[in-house]
Each structure stands twice: as C-alpha cells, then as structure tokens.
Amino acid sequence: MFKNKISLIIILFSHLFTQDIDPVYTGSFGSVTINNQVYNQFSLRPELIFGKVGLGLDLYFYFDQDGNLYDENWNFSSSKDAYKTLVDKIYYLRWGVPADDLYFRVGSLPSITLGNGSLVNGYSNIMDYPRVRRTGINFNYNFQNFKFQFVHSDLKEAREPGLFAIGGSFEYVKNVDFSFSLVIDPNQRKGLLDSDRDGYPDFVEPDYANDSSQWHVNETFIDMLNEFCDSQVSDCQGMIEAAESEMENYSNLLDLNDKNQVAGISLGLTYNLNSRMKLFSEFSQLSGETLNPYNPETETDNYNSFDDRLGFGFIPIGFTAEWDKVTLSLDLRQNSENYLFNYWDQNYDHTRAMVVQKDGSNVVVTKEDKLYLYGKSKGANLSITSNFLKIFQLEMMYQYMNGDKWDNSINDYKSDQNSTFYTKLDIDTSIIQKVRIAEIFYQQSYSDKPFSFKPDENTLFGYNIGVEMADNMVLILKGRKSYVFENDGFRPVKTTQIETQVIF
C-alpha cells in the first residue's frame, strides 16, 4: 500500500513534467544524519521555471543500514500526516520576484527582513535542512501606494510557527513612507525537535524519539501490568497508579503545556532622498515576560522591583545607500532592558527554545526567558553587501552595543558590550576549475567579544562546498554547527550532509 502511494505521487509529478514545460531534473545520493543515526539518501529534485512560475520539488528517501525505509517522511496514516507529507516535498513554489507587484514563495525561505529589521532581520527557515524541513510562505502584494507582506515560517505547524508576521508600508507624504510590522511566535517551545510529532520533544525520552506511540518507559510497564495482573489486586493497581503518577509529575515538571508566546510590533518612517539613498527611523516593542534573575528569599527588594515585561528598541536615525556593487547601511540605536534587536534572526529556530541542564535535570529555556540578561544599551549597526574583484560576494553586519548586562559572578548587572557579528562569503566558482559551489558563513550574536570565536547558544557556523566529479555530477558537502548548553559548558551540535548530485 505504501509503495503504491509513492508510485502514484511520482507518476502524477511525471505527468506534470510532460506538459509544455522543460524541467531540470537533479538527482542525488549520499548520506544524512538524523537523530544521530546515519541513513543512505536518494532524492529526485526536479526544478521548473516557466514565465513567472518557479517550482522545486524534493522527493527524498532515507534507508538505514538494513535497507529499511525511514517512513516518517511518507506518512499517510491520517489527513493531518498526509498534509504534512505532501507539503514537505515542496522545496519551493514561487511567482515572480520580490520587486513585482505580486510575489509569493512557498517552501524554503532563505532570508526574510521586515521593515528596517529591528524585529525580523535575515530570518531563515532552512538552517536545519535536511534534518528539519520547514515549508513557509512569503507573500507580497502592492496596490496603489500600499505594500503588504505576509510571512509564515512553517505551514506544517500551521497554528504554531516560529514566525508569523504581517507588514506593510505606504507613502505618507511625498517621498516619506510609513511602515509597520506585527510579529508573533505563538509557542516558542515548538522549537524543540519532535521527530515523531507526538507532542513530546526528543529530549524527553530519546529512546522513543521516533516512536509516536510511546514517550515514556512507564507506558510499557503499565501495559505489561494491565495484561498480566488482576486489576482487582491492590498491589497491581497501586503500581499502575504510581507509574501513571510518575509520568504525570514528569510531564508537569517539563511544563510542556506552557506555550510561552512572544510577540512584537514595529513602526518606521523612511525618507527617500533619491532612488539610491534614504534616511530611516524605526521603533519596535516586544510583548511578553522574561525571567526574574533575583532570589525572592535573599534578594527580596531587587526581586520585587524587577520589571519582567519585555522592552523596546529605537533607531532614531539611519542611512542606506545602494550602488552598482555595494549596498551600505548605517544607523544609531538604543534599547531598554529586556530587549534585543533582530529578535527573529537567521539563528532563531535554534535559539527559540533550548534544553539546558540545571541541578542535574533538563530544563526548557526560551529566548524570551533569557532577555533579562540584557539591560539598557546604546550603539550603532553597520551592514555591507559588496561584490569585489569580480570573484567574491561579501555580506557583513556588525552591531555594536554597550550598556548593562547580567553578570552571574556578581549576581547583578554591570556595564559591558553586547554585540553581534555576521559574515557570509560567496566565491564566484566560474573561475575555479572543478568547483561549483563555495560559500561560508558565521554568526556570533549578543556577545561581549564577538570576534573571539567563543561559542555559545548564539553561535552559528556553516559552509556549502560543491566539487565537479564528472560531467553533470557534483559532490556536495554541507555543514552546520550550533551549540547547546550542557554540564556547565557548550556542546556543539553538528549537521553534515554529503551527497552526489546528478543533473539529468
């Protein structure tokens, strides 16, 4: 039955491609690591571009060492699972380009920025690909002098995506545009990896990370007792109740029902000096509550006076200029306590929710929870995109902020740097024999020493390298590294994908 469904899907796609469309077929094979287990991968990635329409599909199959198919990606057991399975196979579907009056892209969202970026700047839903495949949507519509934008980071999590946003702008007076954006993450805890989608993240019981029918070892024990024990025997019933109570207490301790929502709003003004240069200003406010860092018993006064409501950020003046090969942006900025600029950044899906060990137990901490670390600060932001020497394309952003920052050694705030550095380098491989792809990126956010390469949960490193092995055959190596806190230190989480890509 399963194979019949797969065959039917492939036949339908093949029928589509036989129409008046000239598709490009790309196949790949190699290996991929999922939940620390290595699978052999085979995929077919047809790409169609005709007129304003672009469609990329990702039909992939993972096989373990015994030749068994990893069928979580081909689940048609319910309408909900079937929906997620089909949506999952769309790498992207687009109409037009962002500058058009009507544009949309469904699937992968490489980079999303709203307004001038004080809330959403460079967000990407593909940082965990292929370990996690998110299918988002970015929709832009311009009518008369109003521009509307809608973003949803993952249609498979329709009600609880990491990023749900609407934005717009219109000409307030001649050459002056007013912009706004409303952003929300309805449930930051959905950022925890849940491979079998049973509502219990993988860290809860790693042994059952891929078993949607079980999340706790006690379930097997209870089934055994129910099968072999007489329910009227008090000892059996007592053991069952004790096991169920242990499961309930563990679930309550994890506090998985606490969705920990966070939201934000931004308002901006832009004065267009000419077609290449503009001045701008933007105000943004986060909505939610962070943790109180003070001890309620020993630091009562500080605990009671601490305001856990999230704060605001303000860009009083900024300047952007675009030339043929260079785009430059520079602004001054300041913020209140419990606030971070670029809250939804490229690394957001990694830092949205994290599991840390505290006093020997696993504790879920969201990005919002940790905003208490940051007090009032002032600084500036510089970003540059440049093509130079006709070889390199460089993207760089440096945000320098200085102000109050929480220090665990003194259990209070002190003046310190809170800066962010991001850089990405693409190499024009047309001048390098046998090399098809060469790019690398690095991000260190909210650090007192962003150039020291001292990793924490806000560190992200990645690369994509493609080498031509033969005609129409390319060996591709993709790597991503992030970090999680564990046992008083940060442990790297590596995702490596090696595949051989064939162009038919």
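## Strand pairing

Two strands count as paired if DSSP finds at least two bridges between them, and strands are themselves DSSP runs (E, at least two residues), numbered from the N terminus. In this predicted model, strand β8 (residues 146–152) and strand β9 (residues 164–173) run antiparallel and are joined by seven bridges. One of the residue pairings involves V151, whose bridge partner in β9 is A165.

Strand β9 is also joined to strand β10 (residues 176–185), by nine bridges, and these two strands likewise run antiparallel. E171 stands opposite D177 in β10. The hairpin of β9 and β10 has two residues between the strands, and N175 takes a positive phi near 70° there.

## Basis and confidence of the model

Residues are numbered from 1 along each chain as its sequence is written, and side-chain values use heavy atoms, with hydrogens and water left out. Because the model is predicted, local features need pLDDT of at least 70 and side-chain atom pairs count only at pLDDT 80 or more, whereas totals for chains, interfaces and linings use all residues.

The pLDDT, which is the predictor's confidence in each residue from 0 to 100, averages 83 over the protein chain, and 89% of the residues score at least 70. Over residues 1–21 the pLDDT is below 50; beyond near neighbours in sequence, this stretch has 21 contacts (heavy atoms within 4.5 Å) in the model.

## The setting of T320

T320 is located in strand β13 (residues 312–322). Its relative accessibility is 11%, so T320 counts as buried; the term means under 20% relative accessible area, with exposed over 50% and partly exposed in between (1.4 Å probe, protein chains only).

The side chains of T320 and S329 are joined by a polar contact of 3.3 Å, that is, a pair of N or O atoms within 3.5 Å; within protein, one must be able to donate a hydrogen and the other to accept it, and residues adjacent in sequence count only if both atoms are side-chain atoms. Apart from neighbours within four places in sequence, T320 is in contact with R276, M277, K278, F280, L328 and S329.

## Aromatic rings and charges

The whole structure holds 23 aromatic pairs, defined as rings of Phe, Tyr and Trp (its six-membered ring) with centres within 6.5 Å; planes under 30 degrees apart count as stacked, over 60 as edge-to-face and the rest as tilted. Y60 and Y62 form a tilted pair, 5.3 Å centre to centre with 40° between the planes, and both residues are buried. Y141, F143, F146, F170 and F178 form one aromatic cluster.

A charge sits over a ring if NZ of Lys or CZ of Arg is within 6 Å of the ring centre and within 35 degrees of the ring normal. R333 lies over the face of F341, at 4.5 Å from the ring centre, and K367 over that of Y343, at 4.8 Å.

Definitions and conventions:
Helix = DSSP H or I, 4+ residues; strand = E, 2+ residues; numbered from the N terminus.
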